[in-house]
Amino acid sequence: MLFPWEECYLIASPTSHHFYVGSLPTLFCEKRQKLFGLNATADCIWRHLTDGRTPAQVSSELIKMGFVESEAVAFVRSATASWLNAGHLTPREVLDLLAEPPAATRNVRIHDLALQICFRGSASPKTFDDVFGHFCIGTSDPDTGLSVVGYRESFFIFEANRPLIACSGHEVVPHLKAILTERYVSSVESGFLVHAALLAKNNSTLLICGSPGAGKTTLSVALVGSGYSYCSDDIVRIERDGAATGVPFLPAVKTGAWSLVAPYAPHIAELPTYRRADGQDVRYLSVRTFANEPRIVSDIVVLAREPGAAVVLDVIEPLEALSILLESGFSTRRALEADTLKTFARAIESARCRRLFYSDLAEAARAIASGAHE
């Protein structure tokens with residue numbers, strides 16, 4: 001795609017500050033609390049852009065300083081794109097769109113978190129609805145507000161009037177999920193959060209944990225195909241009374257797992273592909289959910305995926321399962337309270353705690369499903 005910002009005037013974010021430490025030019029990002037050192041060329045580009053010159057005009061200035069034209073254009077485009085993507089700069093036209101009434105709004109509630117998302121410019125709520133629509137409610141008293149502004153095939157995400165990030169259309173959904181996750185984690189006032197999957201079947205509740213890449217998402221999808229109801233594949237909230245509640249973001253299935261989950265969700269081949277910040281391509285899979293009330297955990301499975309491993313379910317002590325869960329905990333505004341941990345420990349005393357060694361997804365799903373009522 002051609003660089004679309006050549007003739008745009010770019011405005012510095014109020015949370016991005018340029019100054020010198022001694023003689024060294026520095027950019028301080030207030031929202032990330034980070035300092036970025038600038039070399040002489042980057043410093044020159046930043047000063048010219050924020051003084052009211054367009055990228056095309058800055059390239060001309062560099063050429064006058066002795067840069068080869070191709071190098072000057074490349075330097076300016078690279079720096080400008082980086083600062084736009086990080087939210088340090090925003091096109092003036094995007095800020096004008098931000099000041100206009102939204103074309104559409106969505107009120108979202110995820111447990112304690114309530115927020116309103118406004119769509120402006122070319123940004124449409126349809127893609128948002130496809131992935132996050134189950135969080136939408138009719139009315140709300142939002143704690144905070146986000147805006148998604150579409151302009152020139154790019155999307156700019158703001159919190160209030162503060163730019164957070166700019167991205168392409170195939171990146172906007174993962175960025176929104178990351179922002180919603182961050183806001184949700186910060187909103188939790190009680191209990192604690194763990195990286196885990198939560199599924200339910202009849203009167204049993206299954207908690208699946210394991211290291212990143214162990215297969216929580218693919219196994220969750222396979223179990224839904226075996227009759228389980230989906231609660232979460234990533235974030236589980238442990239309440240003060242020891243019960244567990246899933247945070248039901250749709251499963252984000254990575255490229256390498258599309259063929260694995262196809263037998264359980266054939267429509268995955270038809271879903272749009274999105275690029276996460278870590279470079280992974282994912283598809284968000286709509287699955288059957290259930291009323292997401294807190295439930296007492298009856299089974300905990302720790303995943304241990306190994307190439308060529310036969311399916312084995314080994315019994316482990318609740319203390320080991322609890323330790324693994326705590327290692328996967330999220331940071332919240334409040335530290336984990338001992339009373340909450342004690343309550344959860346008592347709640348899982350009667351739970352079956354097992355480690356699942358496996359390599360084949362279908363065999364692992366059958367082992368868990370067939371052993372659910374042993």
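Which residue stands opposite Cys136 in E8? The residue is Val108, in a predicted model where local features need pLDDT of at least 70, side-chain atom pairs count only at pLDDT 80 or more, and totals for chains, interfaces and linings use all residues. Residues are numbered from 1 along each chain as its sequence is written, and side-chain values use heavy atoms, with hydrogens and water left out. The protein has 11 helices and 23 strands; helices (H or I, at least four residues) and strands (E, at least two) are DSSP runs, numbered from the N terminus.

**Overall dimensions and packing**

- Taken along the principal axes, the C-alpha atoms fill a box of roughly 80 × 45 × 40 Å.
- Of the 374 residues in the protein, 50% are buried; buried means under 20% relative accessible area, exposed over 50%, and partly exposed in between, with a 1.4 Å probe and protein chains only.
- Among contacts with a separation of 6 or more, 68% join residues 24 or more positions apart, where contact means heavy atoms within 4.5 Å.

- Strand E6 (residues 104-110) pairs with E8 in the antiparallel sense over two bridges; two strands pair if DSSP finds at least two bridges between them.
- In general, strands of a sheet pair through backbone hydrogen bonds, either parallel or antiparallel.

**The three-strand sheet and Tyr284**

- A further open sheet has three strands in the order E18-E20-E19, paired antiparallel.
- E18 and strand E19 (274-275) stand at the edges with a single partner strand each, so one side of each has no neighbour in the sheet.
- Two bridges join E19 to strand E20 (residues 281-284), and Tyr274 stands opposite Val282 in E20.
- Tyr284 also lies in strand E20, and this residue counts as buried because its relative accessibility is 7%.
- Leaving out residues up to four places away in sequence, Tyr284 touches Val131, Val173, Pro174, Lys177, Leu250, Pro251, Ala252, Leu271 and Tyr274.
- From C-alpha to C-alpha, Tyr284 and Pro102 are 26 Å apart in space, and 182 residues separate them in sequence.

**The largest pocket**

- The largest pocket holds about 1200 Å³ of space.
- On a 1 Å grid over the protein atoms alone, a pocket is an open set of points where a 1.4 Å probe fits, with protein on both sides within 12 Å along at least five of seven lines, whereas in a cavity the probe cannot get out; lining residues have an atom within 4 Å of a point.
- Grid points are joined across faces, edges and corners, and the volume is the space filled by probe spheres set on the points.
- The lining comprises 40 residues, and those closest to the pocket centre are Lys177, His195, Asp234, Arg276 and Asp278.
- Two or more lining residues come from each of strand E11 (162-168), helix H6 (172-187), helix H7 (216-224), strand E18 (252-254) and helix H9 (318-327).
- H6 gives the most to this lining, with eight residues.
- By class, the lining has 15 nonpolar, 11 polar and 14 charged residues; Ala, Val, Leu, Ile, Met, Phe, Trp, Tyr, Cys and Pro count as nonpolar, Asp, Glu, Lys and Arg as charged, and the others, Gly among them, as polar.

**Buried polar side chains**

- Ser220 is found in helix H7 and counts as buried because its relative accessibility is 0%.
- A polar atom of the Ser220 side chain lies 2.7 Å from the backbone oxygen of Lys216.
- Apart from residues up to four places away in sequence, Ser220 touches Ala197, Leu199, Ser232 and Asp233.
- Thr205 is placed in strand E14 (residues 204-209) and, at 2% relative accessibility, counts as buried.
- The side chains of Thr205 and Arg295 make a polar contact (2.7 Å); such a contact is a pair of N or O atoms within 3.5 Å, where within protein one must be able to donate a hydrogen and the other to accept it, and residues adjacent in sequence count only if both atoms are side-chain atoms.
- Beyond its neighbours within four places in sequence, Thr205 is in contact with residues including Leu198, Leu199, Arg295 and Ile296.

**Positive phi in loops**

- Gln33, which is not a glycine, has a positive phi of about 55°.
- Gln33 is found in the loop between strand E3 (24-29) and strand E4 (34-37), and counts as exposed at 58% relative accessibility.
- Ala160 has a positive phi near 55° and is found in the loop between strand E10 (154-159) and E11.
- At 53% relative accessibility, Ala160 counts as exposed.
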